[in-house]
Amino acid sequence: MDKAKVIDKLNDILRWEWTGVAQYAQHSFIVRGLLREVFSKVFEDGAEESFGHAKKIGAKIVALGGVPTLERGQVKQSDDLVELLQYGLEFERGAVKLYCEALQLAEEDRPLVVLLENILLDEQD
């Protein structure tokens, strides 16, 4: 296993998860209308899930001898619920892609594979 490549990919994931924290939190604030109560909670849960994943990935980066990134990507915003949900779907698909890429790099490190597979299960839900 190329540890440097794994750390780089985990930092890509961490950057993605930080984006998810911010994006889902913002969506929970922005959502309006009759369905606000329902979807605000959905987006809050997404932010909490992303933060939980970020904590696990950040800790693993440190365990591998790396430094976790503080960076995040651009947050997509809208005041249209359908667009917010589409952004969420796009985000989750991107996360699945990153975790699959990390799994390919980590195939020799069984504990890391298990961690990534468990998080990938969350992402696919």
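In which helix is L84 found? In this predicted model, L84 is found in helix α3.

View 1. Leaving aside residues up to four places away in sequence, L84 touches H27, I30, V31, F43 and S78. V62 is 22 residues from L84 in sequence, and the C-alpha atoms of V62 and L84 are 33 Å apart in space.

**View 2. Helix α3 and the cap at its N-terminal end.** The N-terminal end of α3 is capped by D80, with a side-chain oxygen 3.3 Å from the backbone nitrogen of V82.

**View 3. Helix α1 and the contact at its start.** Residues 3–30 form helix α1, which has 28 residues. The reach of α1 from its first C-alpha to its last is 40 Å, close to the 40 Å expected. At the start of this helix, D2 brings a side-chain oxygen to within 3.2 Å of the backbone nitrogen of A4.

**View 4. The largest pocket and its lining.** The volume of the largest pocket is about 260 Å³. Its lining consists of 13 residues, and those nearest the centre are Y24, V42, G46, E49 and E92. Two or more lining residues come from each of α2 (36–63), α3 and α4 (110–124). Helix α2 contributes the most, with five residues. By type, the lining residues are five nonpolar, two polar and six charged.

Definitions and conventions:
Residues are numbered from 1 along each chain as its sequence is written. This is a predicted model: local features need pLDDT of at least 70, side-chain atom pairs count only at pLDDT 80 or more; totals for chains, interfaces and linings use all residues. Side-chain values use heavy atoms; hydrogens and water are left out. A polar contact is a pair of N or O atoms within 3.5 Å; within protein, one must be able to donate a hydrogen and the other to accept it, and residues adjacent in sequence count only if both atoms are side-chain atoms. Helices (H or I, at least four residues) and strands (E, at least two) are DSSP runs, numbered from the N terminus. The expected span of a helix is 1.5 Å times one less than its number of residues. On a 1 Å grid over the protein atoms alone, a cavity is a set of points where a 1.4 Å probe fits but cannot get out, and a pocket is an open set with protein on both sides within 12 Å along at least five of seven lines; lining residues have an atom within 4 Å of a point. Grid points are joined across faces, edges and corners, and a volume is the space filled by probe spheres set on the points. Ala, Val, Leu, Ile, Met, Phe, Trp, Tyr, Cys and Pro count as nonpolar, Asp, Glu, Lys and Arg as charged, and the others, Gly among them, as polar. Contact means heavy atoms within 4.5 Å.
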